[in-house]
Every structure is written in C-alpha cells, then in structure tokens.
Amino acid sequence: MKKEKQLSVSEIATRLGCEFSGDGDKLITSVGGLRESVPGDISFLANPKYSTYAKSSLASALIVATDWDGETNAALIFSDSPDASFQQVAQWFTHAPAAIPKGIHSTAIIDETAEIGQHVSIGAYTVISAGVKVGDNSTILPNGFIGEGTHIGESALIYSNVTVREHIIIGDRVILHPGVVIGSDGFGYSVNKDGSRSKVPQMGTVALGNDVEVGSNSCIDRARFGVTRIGNGVKIDNLVQVAHNSVIGDHSVLVAQVGIAGSVVLGDYVVMGGQAAAAGHIVVGANTMVGGQAGITKDIKPNQHLWGTPAVDFNKFCENNSNVTRLPKLKKRIEELEARLAAVEKQ
Amino acid sequence: MKKEKQLSVSEIATRLGCEFSGDGDKLITSVGGLRESVPGDISFLANPKYSTYAKSSLASALIVATDWDGETNAALIFSDSPDASFQQVAQWFTHAPAAIPKGIHSTAIIDETAEIGQHVSIGAYTVISAGVKVGDNSTILPNGFIGEGTHIGESALIYSNVTVREHIIIGDRVILHPGVVIGSDGFGYSVNKDGSRSKVPQMGTVALGNDVEVGSNSCIDRARFGVTRIGNGVKIDNLVQVAHNSVIGDHSVLVAQVGIAGSVVLGDYVVMGGQAAAAGHIVVGANTMVGGQAGITKDIKPNQHLWGTPAVDFNKFCENNSNVTRLPKLKKRIEELEARLAAVEKQ
Amino acid sequence: MKKEKQLSVSEIATRLGCEFSGDGDKLITSVGGLRESVPGDISFLANPKYSTYAKSSLASALIVATDWDGETNAALIFSDSPDASFQQVAQWFTHAPAAIPKGIHSTAIIDETAEIGQHVSIGAYTVISAGVKVGDNSTILPNGFIGEGTHIGESALIYSNVTVREHIIIGDRVILHPGVVIGSDGFGYSVNKDGSRSKVPQMGTVALGNDVEVGSNSCIDRARFGVTRIGNGVKIDNLVQVAHNSVIGDHSVLVAQVGIAGSVVLGDYVVMGGQAAAAGHIVVGANTMVGGQAGITKDIKPNQHLWGTPAVDFNKFCENNSNVTRLPKLKKRIEELEARLAAVEKQ
C-alpha cells in the first residue's frame, strides 16, 4: 500500500465510517501523539485523563470517543475505539517497509568456508569471515563485518555498519541495529608496579539467545573466559554497554544508555531504565525494576523497585528526597525550640 | 596555507607586530589553552581573572594584554587583543582542511532511481538506496548507508560510517558526524501474558530541520507513527540518544551522552548538559537549561534552570545539597537541646 | 590449539594432575565465574570469602583448594592453586585467536601518497586517504576510514568500522575497537543575537600516546585549536566521550560511558568509574579515583576519592547518604523535644 500524502478530515471520517465535527476540508498530512503533534497532524485521545492536552494540542484533527465533549481547536472524528481508529489512520500515512535486496550482493566478500543458509540476503561491502554460519532467511545489510567462526541463527536481521567479532553465537530472529558491536574485548587489565596496565587476554565469547534485539551503537563485550550471555527475548535499546562475563536473564529490558559492568548477573524480567547502571560482580534478582539513572551497587533480591545512586527502594528514595526538601522547615523547628528553651531556662 | 611546524617566539611577535619579553628564541610548535598546554605550546590570557593560571601554565609563551604584569615562566607577547592575536597564531599552526574528493567514487553504489543533485560528492563504498534524493553540494563520505526514499537537503555533510535508514528527511546544511544512526526502530514492545515482549512496528520516520548537527555515534530513532522531529538549528553532541516520537525544538542543544526518552517535547532553545536525561512523555518549556547528569521526570515550564534527579530548580538543588552537608551540625543542635531540656526537666 | 567441545570432570582432573570428588562423568562444555555459571560450566573458588556462592552456583564443577570442605552441588577438583588451574582449563575451552588476513586486501583503497610500513594488514573496503602513514606491523580491519595526513604508529590494531579523521596522531601499539571515532569536530558554537548558533571551526587535532586502548563506539573529538591529548597507556572503555582540547594523563582509566567535557585536564593515573563525568575547564589531580556516575564540577587535588554529583569526598558522600536515610529519626527527636518542652512550658 502506498503512503498517502494528504487526506481531508472528511475523507478520513468517511473511510473510518465515523462522524466528524469541525472543518472537514482541513488537510491532514501525518499522524502524531497528542502533545507532539504539529498542524497538519491527526492525533487521538483514548484516555479521558489526557483531555486537558486536547485543548493545547496543535493537531489539526483528533479522533475521540463518541461521547467526548472537551475543549479543543482541532476538528473531531468520533469513534467507538479512538485507539484502533488511529492505528488504521496511522497505516495510511506510513511508507511501505523498505525493500531488502534479495540474495548476496556481488561486492559482499564471503569466505569460501562460510556456510550460508537458504534465502539469506547479504548486502554490499559486507565481509563474512572464515567458518561463519548464517541461518536460513537471515539478512545482513551493507558494510558489516562478521568475524571468524561466528554463528548466526535463522531469520536474524543485522543492519548496516554492524561488527560481530569472532566465535560469537547469535540466536534466531535476533535484530542488531546499525552500528552495534558484539564481542569486542572485555575491559580487563592487570596493574604493574609502576602503575601502568597490561592487557588481560579476553579469550571468551558472547552468546545471544533467540528473539534478542540490540539497539543502535550498543556494545556487548566478549567474556574474559567463558561467555557473556544475553538470554532469550532480551530487549536492549540504543547506546547500551554490557561488559565482559555478564549474564542478562531472559526477557530483561535495558533501556537506552544503560551500563552493565563486568560479571553482573541480571535475573529474568529485569527492567533497567535509561542511563541506569549496575556495578561489577553483583546479582540482581528477577523482576526487579530499576529507575532511570539509578546505580545499583550491591546484590538485589527479586521483585524490587529501586531508584537513586547508590540505589535503594524506590519509595525510600522518594521519601529521602522529600525529607531533604523539607530540611529548612526542620531547621526552623530547631530554632524555635532553641528560642523557647532559652526562654524557659531564663525563668 | 601550509601548517607551520615551528616558529620562534620572536618570529611570532614580529608577525603579530607585537613586543615580547623573555626568550625570543624559544621554539613554539603548537597552541593550547592556558591549563592544557604543554612545553612548546603558545597560549593566551584574555581574562585577568585567570591570571593565577599563568603561573602554573606549562606553555612556553603567552599572549597577554599590554599592561599585564603577573607571574609566569612563559615568554610573553604583548597584544592589545590577546584573544584575536591568539586566533591568528592558532591558524598558523593549523592544517588546511582535509580535501573532500570531488564527485561520485566509482565504488559508490547508487540505485538507478536515486536523484543526485549538482556538485554532490559520494565516497567509496557508500550505498545509496532506491528513491533517495541528495540535494546540491552535499557530501557523503565513505562506507555510509542511505536507506530507501530518504531525502537529503543541500550542502549537507555526512561523514563516514553513517547509517540513515529509509524515508528520513534531512534538511539543508545538516552535518552528521561519523557513526551516526538516524531512523533506527523506536524501542517499543507490548508485554505478553508470559512476560515476554512482542515488537510494536515502528512505522514512522525522522525529520531533521536545517542547520542541524549530530555528533559522532549519536542515535535518533524513527517514530512509532508520525515523525521524530529535530528542529532547525538544533546542535547534538556525541553519543546522544533521541527516542521515538520525540520533538526537539529549534536551536536546542543536547550535550554529549544526553538521553531523550520517547514522546518527549523539548521547546525551542532548551540546553541539556552532558549526560542529562528526560523521561518519556514530558514537555519541557522553551529556554530551559538542564544541568549535567540531571534527570527531568515531569513537565517543565519555560525558562527554568534545573539540576538533580529528579530535577528541581537549580538553586533549590544546591540549597538541598548544602543542607545535607550540614546535617551533622543540625544533629548536634538537637543533642544540645536534649541535654539542656533534660537539665531543665530535672529542676 | 583447537578448542575442546567438551571434557568430563575426570578428564579435566587427570589433565591437571588433581584429585576430584563427585560425578567424574559429568560433561563440561565451558568455563565461567562462580556466580555467572550455568550447568555445563566449570568454575573455581580461589578466595574462601566467596564460599557461600559455591552453594548457589549452577556450575557443574568447581576447582577448589585441597582443604576446602564447603557446601556445593558441583563436582569438585582439588588444586593447590585453584586460580592457576582454572586459567589452564579456561584455555582448553578457548578458540584460537581469529586469524588476521595478511597484507593489503585488493579492495582497500589506498591513496598513492600514503606511506604504508612493513607487514601491515589492511582489510577489505577500508579507505586510506592522502598523506597517511601507517607504521610497521599495524593492522586496520575492514570498512575503516583513515583521513588525510593521519599518522598511525607501529603494531597498532584498528578494528572494523573505525573512523580516524584527518591529521590525527596515533601512537605505537594502540588498539581502537570497532566503531571508534577519533577526531570528529569538537562541540563548539557561538550564540547569535537571535539565539541560533554558529559553528566555531575546530581546527586542532588529536594525539593518542603509545599503548592506548579505546573501546567500541567511543569518541574523541579534535581540539578547537592545538591538540586533544590522550597520554601513554591510557585505557578507555566502550561508549566514552572525550571532548575537544581535553588532556588525559598517562595511564589513566576511563570506564564505560564516561564523559569528559571540553578543556578538562586529568592528571596521570586517574580512574573514572562507569558513567562518571567531568565538567568543562577543570583540572583533576593525579591518582584521583572517581566513583561510578559521579560528576566532578570543579578542580580536584591529587589522590582524592570522590563520589556523587556534584562530586565530594567518597566518605563524605556516604556519610551524607546515611544522614539523609536517618532523617525520620531526627524528625522524631524534634517532635519529642517539642512535646517535652511544651510540657515544661505548661508547668
């Protein structure tokens, strides 16, 4: 389906089979969230608690519930399910997915010992080293580098400019976004008597489970020995660092710019907010949630919710923060006590 | 102009038409800031408040105001405008800018449906996909990848190893530094009953305004629907993350390693210090300044100055910090009160 | 030596010349740390203080001291030096290092004015610009870009997808991991009357000393004028930012995601923990240690240990934190004082 360049409010309402109010001739050229929209966008209001944003929204049209009667400057389209209707409209304004060239580009350099599966696409100027295996239906886009002996599963999608170094295991349906680096050396040194550092060989590897996604320019280091292990279904956002020998439990989530130090073990279903970090050699229990920018410095039991550096219980962190904010009041109470006590003492 | 390998202090003074004192035969090989200089550097002192640094500076020569009489080990060159004189000298020690090869390299792969403007340079091994448009006088350096249907404006400069995915809009005079990724998938998942996650299609795109600069290895994700929008004149430093559907207002500045979560709206002229972050779905008013490493967690009015996580007014943050530092004193006053009160109670 | 796919516990014990207890037929397929291991791994216990982890370890076998008698489910191999024995075993399960193709790949594009030393390897699709020098025994892997006039020392190792821009100096034995960017423009602008920004030319360069290592996707910006200088033996982890004109002293260590702002001077042997940052134009004394996520905002004397943002003495930071946690107790003491004083006042 071809992306629409523009549709009028009335055309959209007709396609959806909905009523509308306001200027039906207004031209809509894109979709957007209620608060991020600019003129020309259509947006939607599914949750009544955001009604106040409808008033300040710059969107030219809003899809709202049939009984909504809030204030807004936008034209309105009334739907029994604003969310579902918006999803439909969003697709009309969406480009078809980019076509991935089929087959192996003539400029891809593939070592003769590599085993390439069925229906694999390999882009221009990508280099596949000796002993690499690529599973059926996998795609590697241009300018990539796959090191010696690395195994890539089936239906993997590796974007452009990715480096996967030697002897790495990549599961099925893994997605590596542009600029990702898998298997670079762990950051390990011994300190010499003169304070200089000597490199400790990083002889291990990295294993990514099935259904893992790794965001743009994120880095996962190979183990000093053994394996840096990313569990099944783990989702890693952009610019995340996972250091050597760490283990990320199944279905855990690392939001952008998270840093996991060496030999950390995250349980399953752990969620770390943006820019959060875990110090080396700690174990974080399953289902734990870590707030953005928090820094975990010690072992954590399962099912915790943490914030702050060093990270503590989320509610305790908030309470501490409130208490600090109220320190001037506390000081005032002490001053009053001092004055009153002095008065008593004088009697 | 060819870069000078070395000039003596007296040669520099003569070229500037300035007097000098100290060893005129000292050889200068580079320029540097007052505090970062090493022997062989020439530096300058424009602001008298930094006079104390002149004493400890390792620079071999300093350009100072004609009436400056502070202490230093450096040879001195006296100028009516030390800043301007230093800029002159700095240019003598500067390489000519690297020559950008003209035209389209024979190894660049350009889809036959791409529209390439006048005076465009495209480097070796760069891949330009179907339907791409590149405006006049734009340059794309080696090993890049431009996805299907992406439009690049005029006089853009895209360094090596950059990925711009499909259907992205890049304005005029935009600079993308090496390793930048524009338009990778937003980080969006729905959570299944068993706690695993399913990918939510990221069907939108990214639009960069005119005069935008994006630093090395920074990432800007495409929208879930609609557009992740970077305003005109926005300057983004290295290793910055901008998540899906966010809007960065015109002329805003994101210093290195900043993280902007999804659906954030930054007003115009917002400045976020290094490693600062904004949580998802918040609106930050125009002209707001955010201190380094701060974390904004809620809507912010215009013209604020914030620090801390969760970010509060800058002065309030500093006051809180001071109050915490003084807690031992507060505790002591309480102990004294307890002792005095106990004495009173005994009477 | 070829990597072992599996060895039984008894085979491992025999090879090591050690006794074992437990199931000698258990098959070992990899090595791992005590806490990160999964079934099939062999691990070790060198330090008795970690004995409790032996009980919960999932490792199939443990190498322990001959007199160890703690609890565990693993088979045990008894060694006079568990650490050394483990290192031996780790090597049996290690792939031979990836073979680096010798010589210059036919697709590497090397400007005719470049000077390439003896025994240099240059990978496929790498571009070497005019006037570049590469020292003997250095290696540059595929898809790299080396800018005009850059000099690379001897025995350097530059991984795939690296960009080194023009006129950069790289010392001997330097390692640049995949995706590194050296010499991109510093982040410098002048602010115009209308609030927009104009780019300040970044005319300087970058110099890396000998034995420097730079982690994946890290960025080191060129100076505005003069040189951004990385000392000898400096070790930089992944995703680190070093801004223009900064100086990193010899043998300093920047852990992952550290951010060094512009014109910062770090002394020798400084260690900055993960995600720590230094604000612009400050000087940090030698041997200073900075805790993870800390933010240094002012000049620091040598030999300090710091934490927090703004960073203070490590112990002071911990004390402040404890004091904040105890604020509810302090408040309670004030309430008691108020009640007791009220009682006294009534008398």
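Select chains B and C: 53 residues of chain C are in contact with 51 residues of chain B, contact meaning that the C-beta atoms, placed from the backbone, lie within 7 Å. The model is predicted, with local features needing pLDDT of at least 70 and side-chain atom pairs 80 or more, while totals for chains, interfaces and linings use all residues. Residues are numbered from 1 along each chain as its sequence is written, with chains lettered from A in the order in which they are written.

Next, colour β20 (181-184), β25 (219-221), α4 (314-325) and α5 (327-346) of chain C, the elements that each give two or more residues to the side touching chain B. Helices (H or I, at least four residues) and strands (E, at least two) are DSSP runs, numbered from the N terminus. α5(C) gives the most, with seven residues.

α5(B) and α5(C) pack at an angle of about 25°, with their axes 11 Å apart; axes are lines fitted to C-alpha atoms over the stretch in contact, and angles run from 0 to 180 degrees between N-to-C directions. That makes α5(B) roughly parallel to α5(C), a term for angles under 35 degrees. Among the residues making this contact are B:Ile334 and B:Leu341 of α5(B), and C:Leu337 and C:Arg340 of α5(C).

Finally, select β36 (residues 289-290) and β38 (residues 305-307) of chain B, which pair in the parallel sense over two bridges; pairing requires that DSSP finds at least two bridges between the strands. Here B:Met289 stands opposite B:His305 in β38(B).

Conventions. Contact = placed C-beta atoms within 7 Å. Parallel < 35°, antiparallel > 145°, perpendicular 65-115°, else oblique.
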